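Here is a short report on helix packing. Look at the sequence and the structure first, then read on.

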Amino acid sequence: MKAILQYGPNDLRYEDIPYPECEPGGLILKVVAIGLCGSDIRNLTTDSRPGHYPQIWGHEHAGIVHEVGPECTAFKVGDRVASIAGSPCGQCSECRAGNNNYCLNPMPYADRQGGFAQYMPIPAEYIRRGAIKHLPDDIPFEAFGVIEPLLSVNGSHDRMNINFRDTVVICGAGPLGVIHARNAKIRGAKKVIMTEISSKRLEDVERFGVDVKIDGSKVDQVQAVLDETGGRGADKIICANPSTISQQQSLLMAKPGGIICFFGGVAKGAMTEIDSNIIHYKGLTIFGQTGGTSLAYDTGFELVCSGRFKWDDIITATMPLCKISEAIARCKAGEEIKISLHPWEDENGNEIRE
Ligand SMILES: [Zn+2]
Ligand SMILES: [Zn+2]
């Protein structure tokens, strides 16, 4: 079978590897579509697994059950399924306290074969933990590329309690930024302001529920947010980008008592210089978010499957898996919001036979 193997930063090779072994109680997933996530791009373009190459990444996979091991009763061959990267144990103190995204017995997905492949093995323990879900027949596989990130978006919106009184600033118009915007509107936010330093990414973001867009390449973003909020600042700010400057500016955009989420990770080792007196005197709350609880995941799943969260204008292109390097370049250049990769298409877009 074909897979994308990473041998180092930007060293991605489309190679033949053996069909995976199906363990008792586990299954083999035929990957039909897999989202190319910002974290994948970071992993694939940096030295993400020193000492562990070649690595097969990919965590937004959806597809069809191709084989089931003995004792696998919850799924059968032909089932349409999707699976999340996190798989909390349900037993430990963190899980029992409702913080299962901080499970003490995680199964780190980087330790297993990921979804940038035609088939992937799903361990029995992973199924036992409830990390595999049936995908309704009317939901295309590509939709999972939006369902999966909605997990962390809802996780952060739960913690910020985004509601009808809020003016929310979203810094960054990448795929996560637009998902934040749409989700904030679904949760009833009064006004959604989006800031971005790439004019191109800001084109047409109104369709995601953005009321006001601020082009940081042309105006002072902080001043523009203050102007939009009567000089007071916004209730809630989400930094959905990898910028230390954006994190710094978010303190100045917040109103007294405001809540700030550092949603995007910054480059390893990068330091954000912050005037802590702003936090002190304005009484700000700052928190970080990555991933989310099972409840946040179920919320995103339900929002997309019920049709309340429109996903198909966020996946702006589909491409064969073998063209992953081109897909990364297109995302980085802001030409696409999000790309879904197809492992069963050749470089010309023709179906590869099993
Ligand atoms: Zn993801
Ligand atoms: Zn646990």
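## A buried arginine and its helix

R182 sits in helix α5. Helices (H or I, at least four residues) and strands (E, at least two) are DSSP runs, numbered from the N terminus. This is a predicted model, in which local features need pLDDT of at least 70, side-chain atom pairs count only at pLDDT 80 or more, and totals for chains, interfaces and linings use all residues. Residues are numbered from 1 along each chain as its sequence is written, while chains are lettered from A and ligands numbered from 1 in the order in which they are written.

Is R182 buried or exposed? R182 is buried, because 23 other C-beta atoms lie within 10 Å. The cut-offs: buried means 20 or more other C-beta atoms within 10 Å of the residue's own, exposed 12 or fewer, partly exposed in between, with C-beta atoms placed from the backbone. Leaving aside neighbours within four places in sequence, R182 contacts F208, G209 and F309. Contact means C-beta atoms, placed from the backbone, within 7 Å. G209 is 27 residues from R182 along the chain, yet their C-alpha atoms are 5.3 Å apart.

Helix α5 covers residues 175-186, 12 residues in total. From first C-alpha to last it reaches 17 Å, close to the expected 16 Å. That expected span is 1.5 Å times one less than the number of residues. Of the 12 residues of α5, 10 are buried, so the helix is largely enclosed by the rest of the structure. Its buried residues pack against α1 (38-45), α4 (144-160), β8 (167-171), β9 (191-196), β11 (234-239) and β15 (338-342). G188 follows α5 and has a positive phi, near 95 degrees.

| Pair | Angle | Axis distance |
|---|---|---|
| α4 and α5 | about 60 degrees | 10 Å |
| α7 and α8 | roughly 25 degrees | within 9 Å |

Axes are lines fitted to C-alpha atoms, for helices over the stretch in contact, and angles run from 0 to 180 degrees between N-to-C directions. Angles under 35 degrees count as roughly parallel, over 145 as roughly antiparallel, 65 to 115 as roughly perpendicular, and the rest as oblique.

α4 and α5 are therefore oblique to each other. Their contact includes V146 and L150 of α4, and L176 and I179 of α5. It divides into 8 nonpolar, 4 polar and no charged residues.

α7 and α8 are therefore roughly parallel. Q221, V222 and V225 of α7 meet Q249, L252 and M253 of α8. Ala, Val, Leu, Ile, Met, Phe, Trp, Tyr, Cys and Pro count as nonpolar, Asp, Glu, Lys and Arg as charged, and the others, Gly among them, as polar.

Key. Two residues are in contact if their C-beta atoms, placed from the backbone, lie within 7 Å.
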